[in-house]
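This report covers local features of one protein chain. Please look over the model before reading on.

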Amino acid sequence: PMSNGASLTTVPQDATVAPGSTVQLHCVANGNPVPTVTWQKDSVDLDLTSSGVQWQPSTGTLTLYNVQTGSSGVYTCTASNAAGGDLASAVVTVAGRAVISPALINQTVTSGSSLTVICIPASAPGPPLLVMTSWWFNGRLVSSTSMLTFSPALVSQTGRYRCDLTNAVGTTSGYFTLTVQETPVITQSPSDVTILQGSSALLPCNAIGIPVPSVAWLQGTTVVTSTQQISVLSDNTLQIVNADSLNSGAYSCVASNAAGSSSATANVVVIGRVTFTQFPSDTTVVSGNSITLRCAAVAANAAIVYTWY
C-alpha cells in the first residue's frame with residue numbers, strides 16, 4: 001500500500017478554566033503507516049503517565065485533571081510517521097474568577113448629595129484576564145463601568161445593588177444596600193396664639209422625613225416636659241391647659257432624624273386677669289374744691305383701660 005504522511009484531522013482548542021477544573025484536548029491523526037502521537041507542554045515532552053494526565057489514543061483525548069495555575073501553557077500535539085508529520089497547539093489558561101476588592105459596603109446618604117461606588121477586581125491567580133463590569137438594580141442594568149455614581153442621590157434609588165465582574169472563567173457578584181435619607185420637613189407648623197389666663201391652647205406640629213423624624217418641643221431653649229398644664233399629644237400637638245403667665249413665650253417644634261432637623265416657632269401670649277392694686281377711697285370735700293380719686297390695676301401681657309362710672 002502507498003504510504004502518506006501523518007495529518008491531523010482534529011486539533012486541540014484553546015481553553016480557559018478555573019483552578020481545579022478538568023481540561024480535555026483532542027488530537028486525531030490519519031496517515032500510513034499509523035502515526036505516533038506525542039504531546040509537549042511549552043516545548044517540553046509531556047509525561048503521559050504522570051498523575052493528573054491521561055492520554056487515550058483510541059479517542060485522541062488528552063485529559064488534564066485538577067488543573068492549577070502551573071498547568072497553564074502551550075500544549076502541542078505532534079503526529080508523525082515515516083512519511084511525514086503534522087502538529088497543532090492550544091493554549092490552556094488556568095485562572096481564577098475576578099475578586100472584588102475592596103469589598104462593597106452598605107452606604108447611607110442624604111437626598112440630593114452625591115455618591116460614587118467603585119467595583120474593581122483584585123489580582124486573581126494565574127494570568128490576567130479581561131474583566132467586564134456590570135451593575136444591576138431591580139433586575140435592570142444601570143452601569144457597565146467600574147464606577148456607579150448617584151448625583152444627586154434620590155429616595156427612589158434606595159435598595160440593593162449588585163456588581164458582576166465577569167471574565168473567561170466565570171462571574172463574581174458583590175452586593176451593597178443604598179439608603180437615601182431625607183431631612184425632616186415640617187408640613188404643619190404652629191401659629192401664634194393669644195389666650196386668656198385659665199384657658200387652653202393647642203399648637204400642632206406635623207413633619208415628614210426618611211427615616212421618620214422624632215418631634216420635640218422647646219419653650220425658649222428648654223425642652224418641654226409634661227406637667228399638669230403642658231403635655232405633648234400622640235400626634236405631636238402641644239397642649240396647654242389652665243394657662244397662666246408662666247406659659248407665655250416662644251414654643252419651637254423641632255423635627256429630627258439621622259439626616260438632620262428642622263423647626264418652627266410660635267409665640268404664646270397669656271393675658272392675665274385684672275388685679276386692682278389701688279382703690280379709690282371715700283372722701284368728703286367742700287363744694288368748689290378739687291378732689292383726686294386714684295385707681296390702679298395690673299394684668300399680665302395686657303394694657304389696662306380705665307372706665308369711671
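Is Asp164 buried or exposed? Asp164 counts as buried, at 9% relative accessibility. Buried means under 20% relative accessible area, exposed means over 50%, and partly exposed lies in between (1.4 Å probe, protein chains only).

This is a predicted model, in which local features need pLDDT of at least 70 and side-chain atom pairs count only at pLDDT 80 or more, while totals for chains, interfaces and linings use all residues. Residues are numbered from 1 along each chain as its sequence is written, and side-chain values use heavy atoms, with hydrogens and water left out.

**Salt bridges**

Side chains of opposite charge can pair when their charged atoms come close. A salt bridge here is a side-chain nitrogen of Lys or Arg within 4 Å of a carboxyl oxygen of Asp or Glu. That rule gives 2 salt bridges.

| Pair | N to O distance |
|---|---|
| Lys41 and Asp42 | 3.3 Å |
| Arg162 and Asp164 | 2.9 Å |

Arg162 is partly exposed, at 27% relative accessibility.

**Backbone features**

Helices (H or I, at least four residues) and strands (E, at least two) are DSSP runs, numbered from the N terminus. Asp42 sits in the loop between β5 and β6 (44-45). Its phi is near 50 degrees, a positive value in a residue other than glycine. Asn66 also has a positive phi, near 50 degrees. Asn66 lies in the loop between β8 (61-64) and β9 (73-81).

Two cis peptide bonds can be located in loops. One joins Ser101 and Pro102, with omega about 0 degrees. Pro102 falls in the loop between β11 (99-100) and β12 (107-110). Another runs from Ile210 to Pro211, with omega near -5 degrees. Pro211 belongs to the loop between β22 (206-210) and β23 (214-219).

**The largest pocket**

A pocket is an open set of points on a 1 Å grid over the protein atoms alone, with protein on both sides within 12 Å along at least five of seven lines; a 1.4 Å probe fits at the points of a cavity but cannot get out, and lining residues have an atom within 4 Å of a point. The largest pocket has a volume of about 200 Å³, taken as the space filled by probe spheres set on the points, which are joined across faces, edges and corners. Its lining includes Cys27, Trp55, Pro57 and Gly60. β4 (28-32) and β5 (36-41) are the elements that give two or more residues to this lining. By class, the lining has 8 nonpolar, 4 polar and no charged residues.

**Surface and strand β19**

Val285, Ile291, Leu293, Tyr306 and Trp308 make a nonpolar surface patch of about 480 Å². Patch residues have over 30% relative accessible area and no salt bridge; like charges are joined within 9 Å, nonpolar side chains within 5 Å. Areas come from the Shrake-Rupley method with a 1.4 Å probe. Tyr306 is partly exposed at 40%, in the segment after β30 (296-298).

Val180 is in strand β19. At 1% relative accessibility, Val180 is buried. Its C-alpha atom is 18 Å from that of Met147, 33 residues away along the chain. Pro190 lies in the loop between β19 (171-188) and β20 (193-196) and is buried at 8%. Pro190 and Ser51 are 139 residues apart in sequence and 84 Å apart in space, C-alpha to C-alpha.

Terms used
Ala, Val, Leu, Ile, Met, Phe, Trp, Tyr, Cys and Pro count as nonpolar, Asp, Glu, Lys and Arg as charged, and the others, Gly among them, as polar.
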